[in-house]
Amino acid sequence: MAPVDRRAVLAGAVAATLAPRPAPAAGACPAAPVRPSLATLASQRGILFGMGLTASALQQLPRLRAVALAESGMLVPGIELKWAQVEPQPGRFDFAPADRILDEARQAGLKARGHALLWHEALPAEVAQTRSPAAMAALVRTHIRTVCARYAGLLHSWDVVNEAIEPGPDRPQGLRRTPFFEALGEGYIDRAFALAAEADASAILTLNEYDLELDTPWHASRRAAMLELLNRLVRRNVPVRALGIQGHLAPGRPGVLKPEIFAAFLRDVASLGLTIFITEFDVVDRDLPAPVPQRDAAAAQAARDYLAVALAEPAVTALVTWGVSDADNWVDGNDQFRRRDGLPARPNPYDDAYCPKPLRGAIADALRAAPDRRVR
Ligand code: XIL
């Protein structure tokens with residue numbers, strides 16, 4: 001879209017002093033940040049609001065950076081702390097891209113969270129192919145110790161294990177057959193949390209997961225597996241302190257958000273003494289209508305419905321969006337989630353011209369409506 005000509009905008013404003021302000025032309029967004037920011041609205045309820053982004057977007061898209069810094073209380077590296085990025089070959093570490101985001105957060109006085117120590121995707125080939133328990137244990141030990149020690153004391157929280165659940169007929173515990181699981185069994189989770197706790201005593205150690213919210217049998221089996229796993233971990237005194245719920249909404253796909261089902265799950269998790277974070281919130285618009293006004297309205301409605309339930313649970317204390325502006329979104333890079341009509345995805349609170357979208361309004365309204373965690 002064409003850049004905004006600020007002089008033309010000002011001239012228009014002068015001409016319109018006696019008339020009602022004309023609606024801004026498409027692409028003409030307020031240059032000043034929207035106030036109060038999402039971080040401010042969240043903090044007024046005792047909630048931490050953050051945004052996930054990448055080091056390259058931060059560097060190459062100054063307007064994205066400005067929005068992220070204006071809206072967030074926390075930044076999350078979207079890819080830079082995944083194993084393949086931070087340790088591309090066993091024993092060879094590259095912290096530079098992650099540091100760019102974490103330094104930016106520190107300079108702006110924002111918190112930061114780590115994502116993710118163990119995940120079955122974004123693994124170096126050597127790790128993915130390792131089957132020997134001793135060799136895998138050594139790889140995991142070096143990885144977690146080194147990465148956690150590097151950022152010890154600096155992070156709000158760490159996703160220690162990401163996407164551990166994947167029920168199936170041959171999987172009595174509902175655990176995903178990751179390379180870690182194949183080599184070490186369920187104990188890989190205990191080990192990962194213990195190593196992270198040893199290296200960083202202050203980050204809130206989190207188990208992060210998706211597809212836990214809807215009324216389908218698939219989501220129900222994932223919820224059951226997750227609750228059973230959390231129960232076992234808590235019973236074994238594994239230092240897991242939070243459940244991260246990714247929160248990639250996908251309205252139009254099978255399944256309905258039944259508030260009582262989602263709320264009961266959140267309650268069950270909270271009753272184990274755990275905190276809950278919504279860690280990767282966005283709206284995958286693959287199955288929404290093409291026209292932008294309808295698409296954005298439907299995405300905002302899905303967000304309203306979801307956040308009304310999620311933020312009503314006082315154990316939910318952080319909300320992170322998995323992006324800032326549609327100009328840089330992960331959905332278009334994902335075969336499963338990109339639109340079939342070829343239109344660019346619109347999953348984020350700001351559009352590709354950095355205008356706040358109805359989704360941003362839905363998040364703001366949900367934060368305003370949330371019960372205050374500070375008075376308990
Ligand atoms: C995505 C990133 O946003 C993309 O840039 C990358 O290409 C693939 O991974 N669940 C997760 C995130 O836990 O790590 C994923 O992030 C999105 C799904």
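Ala 149 is found in helix H8. Helices here are DSSP runs of H or I with at least four residues, strands are runs of E with at least two, and both are numbered from the N terminus. This is a predicted model, in which local features need pLDDT of at least 70, side-chain atom pairs count only at pLDDT 80 or more, and totals for chains, interfaces and linings use all residues. Residues are numbered from 1 along each chain as its sequence is written, and side-chain values use heavy atoms, with hydrogens and water left out.

Ala 149 is partly exposed, with a relative accessible area of 46%. Buried means under 20% relative accessible area, exposed means over 50%, and partly exposed lies in between (1.4 Å probe, protein chains only). Leaving out residues up to four places away in sequence, Ala 149 touches Ile 144 and Ala 199. Contact means heavy atoms within 4.5 Å.

Now take H8 as a whole. Helix H8 covers residues 133-150, and its 18 residues should span 26 Å at 1.5 Å a residue. The expected span is 1.5 Å times one less than the number of residues. The end C-alpha atoms of H8 are 26 Å apart, which agrees.

Which residues of H8 are buried? They are Met 136, Ala 137, Leu 139, Val 140, His 143, Ile 144, Val 147 and Cys 148. Seen down the axis of H8, the buried residues fall within an arc of 165°, so they line one face of the helix. The arc is that of the directions from the helix axis to the C-beta atoms. An α-helix has 3.6 residues a turn, so residues three or four places apart point the same way. The buried residues of H8 pack against several elements, including strand E3 (111-118) and helix H10 (187-199).

Next, a helix pair. Helix H11 (residues 217-235) and helix H12 (residues 259-270) pack at an angle of about 10°, with their axes 11 Å apart. Axes are lines fitted to C-alpha atoms, for helices over the stretch in contact, and angles run from 0 to 180 degrees between N-to-C directions. That makes H11 roughly parallel to H12, a term for angles under 35 degrees. Among the residues making the contact are Leu 227 of H11 and Phe 265 of H12.

Finally, the backbone. Most residues other than glycine have a negative phi, and most peptide bonds are trans. A cis peptide bond joins His 115 and Ala 116, with omega about 0°. Ala 116 is in strand E3. Tyr 354 is not a glycine, yet has a positive phi of about 65°. Tyr 354 is buried, with a relative accessible area of 10%.

Terms used: Angles under 35 degrees count as roughly parallel, over 145 as roughly antiparallel, 65 to 115 as roughly perpendicular and the rest as oblique.
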